[in-house]
2 protein chains.
Amino acid sequence: MPRVQVVENVMKANDQIAAQNRRFLDEKKVLAVNLMASPGAGKTSFVMRTIETVRDHMRVAAVEGDTASQVDADRVATAGVPVIQINTGGGCRLDANMVRPALEQLPLDEIDLLLIENVGNLVCPAGLALGEHLNVVISSLPEGDDKPYKYPGIFMAVDAVVINKIDLLPYLEFDVAAFRELVAGLNPKARIFEVSCKTGAGLDQWVEWLIGLHPGIKAHG
Amino acid sequence: MPRVQVVENVMKANDQIAAQNRRFLDEKKVLAVNLMASPGAGKTSFVMRTIETVRDHMRVAAVEGDTASQVDADRVATAGVPVIQINTGGGCRLDANMVRPALEQLPLDEIDLLLIENVGNLVCPAGLALGEHLNVVISSLPEGDDKPYKYPGIFMAVDAVVINKIDLLPYLEFDVAAFRELVAGLNPKARIFEVSCKTGAGLDQWVEWLIGLHPGIKAHG
């Protein structure tokens, strides 16, 4: 079965590089978060709001993954944090080997938190390790409350689910309780945060959770 | 280069089966539309509205692609049209070989229009032929007006772009003119339709376009 063999080798190679990335991040005491979502769920806005909310407590850097363009990196750079854009050249997700050179270029000795924005996709990035400590999926209200049912793989593979665009609740038919039940059924340990990147609501709880999980925040001058 | 070889063979095999599917659809005088979009852009609602709007003119069948579950097929079946669910088992798009058995099961002699709802994804389905005559991407307002810039591959590969959830315009920052300009820059020949599957707005123009492209609608008793 030569083709299966190839796939297994590729996955194994990725996992080895991901483990190296993670050891490197551990040495540097950097907590790394892999942010996944559909296109347009608000990943970049969430990165921006997280930076703004956490900046008195932790220093942040970002890796922005996209199939093309560097609009996201340009936008995140306006927040005054180090940022690296990775273009996958049409590929539907980041992998550990793409992230490695970004880690070498970022000033990780001065950083506590690395936000890695994956390519907009609810299928491909699920379960492919980059070296992160936390996997998070952002699901936005306009996408509908049935997404965990239709894309179970990614909802089962994460540590937290962020429900974004909660400010649109009055204008949409979205059953928050039903959504929470679906997530709990697939992944009972996943934390769920309800946020609005437009108003800033709910960001405090998310950031408190990150701070609580950090192994040792650096003293910054 | 054995790995490149494998990829080329897989693509070639898909294209051959897609060509067979298309010949079969041509013989049966069925116009087939491949509908692609992000998760939650409103693909199934668009299928439902299209069926409702076109039903006095054409008979419709549907193929529903998902990574898991059959909620979409169950929903489309309530419209009283033949529908086949294809589960990709985690795969991020349909391919021609998955669609083939569905074509054999559907009563194509009594059908004029086949709507194929692909897996929710703006990367994987782009450019992979299923046998369809028309490729359409649905982009919904909450996803933001920069999607053509960030996922150019799919916007370049389509015959039409549907802007869905236009009813949410008062609540969102979405520049319709800027979006249209981005699409025109990537794909000047693509038709653009502004619709709301909530209110039904814009569906008439879309259906008129389909009717105009049909090679020979059957007389139905």
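This is a predicted model: local features need pLDDT of at least 70, side-chain atom pairs count only at pLDDT 80 or more; totals for chains, interfaces and linings use all residues.
1. Overall build. Chain A holds 8 helices and 7 strands. Its C-alpha atoms fill a box of roughly 55 × 45 × 35 Å along the principal axes. A compact globule with 221 residues would have a radius of gyration near 17 Å, and chain A agrees because its own value is 17 Å.

2. Packing and contacts. Of the 221 residues in chain A, 48% count as buried. Take the contacts between residues at least 6 apart in sequence: 76% of them join residues at least 24 apart.

3. A strand worth a look. Strand E5 of chain A, residues 134–140, is mostly covered, with 6 of its 7 residues buried. E5(A) runs parallel to strand E1 (residues 31–37) of chain A, and 5 bridges join the two. E5(A) also runs parallel to strand E6 (residues 160–164) of chain A, again through 5 bridges.

4. Val136(A) in E5(A) stands opposite Leu35(A). In E6(A), the bridge partner of Val136(A) is Ala160(A).

5. Where the chains meet. The contact between the chains involves 32 residues of chain A and 32 residues of chain B. On the chain A side, the elements giving two or more residues are helix H1 (2–27), helix H5 (147–150) and helix H6 (152–156). H5(A) supplies the largest share, 3 residues. By class, this side of chain A has 15 nonpolar, 10 polar and 7 charged residues.

Technical notes. Residues are numbered from 1 along each chain as its sequence is written. Chains are lettered from A and ligands numbered from 1 in the order in which they are written. Two residues are in contact if their C-beta atoms, placed from the backbone, lie within 7 Å. Helices (H or I, at least four residues) and strands (E, at least two) are DSSP runs, numbered from the N terminus. Ala, Val, Leu, Ile, Met, Phe, Trp, Tyr, Cys and Pro count as nonpolar, Asp, Glu, Lys and Arg as charged, and the others, Gly among them, as polar. The radius of gyration is taken over C-alpha atoms; the globule rule is 2.2 Å times the number of residues to the power 0.38. A residue is buried if 20 or more other C-beta atoms lie within 10 Å of its own, exposed if 12 or fewer, and partly exposed in between; C-beta atoms are placed from the backbone. Two strands pair if DSSP finds at least two bridges between them.
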